[in-house]
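Okay, thanks for making time, everyone. I'd like to walk through one model today and stop at a few spots along the chain. Have a look at it on the screen first.

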Amino acid sequence: MAPPRAGAGAGAVLLVVVALLFVDAAAAGGGGMKMATHGEGANLKASPGASAPSAAGGSAEQFRGKARLPSFAAPRRYELFLRPDLVACTFSGSVAISVAVSAPTRFLVLNALDLSVNRASIRFQALAPTEVVFFKDDGVLVLGFAKKLPLGEGVLKMDFTGILNDQMRGFYRSKYQYKGKERNMAVTQFESVDARRCFPCWDEPAFKAKFKLTLEVPSELVALSNMPVANATFAGPIKTVRYHESPPMSTYLVAIVVGLFEYVEGMTTKAREFVCTLKLVRVTKGSLH
């Protein structure tokens, strides 16, 4: 998701945000699943976990300072829930990650940065971790369990909170004026390794997985993501928007935008594109962030 910007000078302007939505190319005559990609991260081909520490034993400290995540466990599917608060500029969420454990280990090692993870909520299947260690300089979260994890696929769950930052990376806020009042919109910029600032994940391009996203947002706002909306339910001033599951993709391709805007939708042979415009925005300086 490209950072939103506006031109310099006073006056009414339009903010353009483009979100690429992945579709089955076979439906468009493409003969198979294809995904739109952007940026240099799309060309990374290195395999995950090039130099993994010992999976079975040792302490969490063995994972400090490593350039890559170990390969003894890998994500297959994310079920992600996010609730952005555009007034307080915070967000809360939960994630359930289907993880394939391929070698004996009592650890799960993934990425998280600038997040507060609720330790009591962490479970892998029915197992609670005995160690929860953050290596902030590495953006790594290590979960240690009392015994080796069962081989095969299991589900890792946890709750977390974060800040809608003003750094134009991760899950961030952008300000604009509407009817004389300052308002916030929430936007993601995950390329190349900033999805970890939004939710705990295996945040390396080679770790591809499916994504099933749910957003809870104010009813009057528009919420867009990579996939089309499956359904939406309303409870007074709040709506819950559920999106169709994505094809396997890297974390940096996940895109979310929530704000007061209108959009038009177009199709290409590889992707659905949204072009979004804010309603009657007035800017007095060079950018909206």
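This is a predicted model: local features need pLDDT of at least 70, side-chain atom pairs count only at pLDDT 80 or more; totals for chains, interfaces and linings use all residues.

In terms of secondary structure, we have 20 strands and zero helices. The protein has 289 residues, and buried ones make up 49% of them. If you take the contacts with a separation of 6 or more, 68% of those are between residues 24 or more positions apart.

On to the core. Nonpolar side chains in soluble globular proteins tend to be buried together. Here the largest nonpolar core has 72 residues. Which residues have the most contacts inside that core? They are L82, L156, F199 and W202. Take F199: setting aside neighbours within four places in sequence, F199 is in contact with Y78, L80, N111, L115, F160, F190 and F211.

Now, cysteines. How many disulfides does the count come to? The count is zero. C198 is in no disulfide, and the nearest cysteine sulfur to it, in C201, is 8.4 Å away. As for burial, C198 has a relative accessible area of 0%, so C198 is buried. C201 is also at 0% relative accessibility and therefore counts as buried.

Next, charges. Side chains of opposite charge can pair when their charged atoms come close.

One is R77 with E245, where the closest N and O atoms are 2.6 Å apart. Why does this pair tie together parts that are 168 residues apart in sequence? Because R77 lies in strand 3, residues 73–85, while E245 lies in the loop between strand 16 and strand 17. R77 counts as partly exposed, at 25% relative accessibility, and E245 counts as partly exposed too, at 30%.

Another is R83 with E216, again with the closest N and O atoms 2.6 Å apart. This pair also links distant parts of the chain: R83 is in strand 3 and E216 is in strand 13, residues 210–218, which puts them 133 residues apart. R83 has a relative accessibility of 35% and counts as partly exposed.

And then there's D166 with R173, where the closest N and O atoms are 3.8 Å apart. Are those two buried or exposed? D166 counts as exposed, at 52% relative accessibility, whereas R173 is buried, with a relative accessible area of 19%. Salt bridges that share partners also join R77, E79 and E245 into one network.

Now for a charged residue without a partner. K239 is buried yet has no salt bridge. The nearest side chain of opposite charge is E220, and E220 is 8.0 Å away. That distance rules out a salt bridge, because the cut-off is 4 Å between a side-chain nitrogen of Lys or Arg and a carboxyl oxygen of Asp or Glu. So what does the side chain of K239 reach? The backbone oxygen of L221, at 2.6 Å. K239 itself is in strand 16, residues 238–243. Not counting residues up to four places away in sequence, K239 touches a number of others, including L215, E216, V217, P218 and F234. You'll remember E216 as the salt-bridge partner of R83.

Last stop, the backbone. Most residues other than glycine have a negative phi, and most peptide bonds are trans. Against that background, the peptide bond from E191 to S192 is cis, with omega near 5°. S192 is in the loop between strand 12 and strand 13.

D114 has a phi of about 60° and is found in the loop between strand 5 and strand 6. D114 counts as partly exposed, at 44% relative accessibility. K179 has a phi of about 55° and is in the loop between strand 11 and strand 12. With a relative accessible area of 71%, K179 is exposed.

That's my tour, so over to you.

Definitions and conventions
Residues are numbered from 1 along each chain as its sequence is written. Side-chain values use heavy atoms; hydrogens and water are left out. Helices (H or I, at least four residues) and strands (E, at least two) are DSSP runs, numbered from the N terminus. Buried means under 20% relative accessible area, exposed over 50%, partly exposed in between (1.4 Å probe, protein chains only). Lys and Arg count as positive and Asp and Glu as negative; His and the chain ends are not counted. A polar contact is a pair of N or O atoms within 3.5 Å; within protein, one must be able to donate a hydrogen and the other to accept it, and residues adjacent in sequence count only if both atoms are side-chain atoms. Contact means heavy atoms within 4.5 Å. A disulfide is a pair of cysteine sulfur atoms within 2.5 Å. A nonpolar core is a set of buried Ala, Val, Leu, Ile, Met, Phe, Trp, Tyr and Cys residues joined through side-chain atoms within 4.5 Å.
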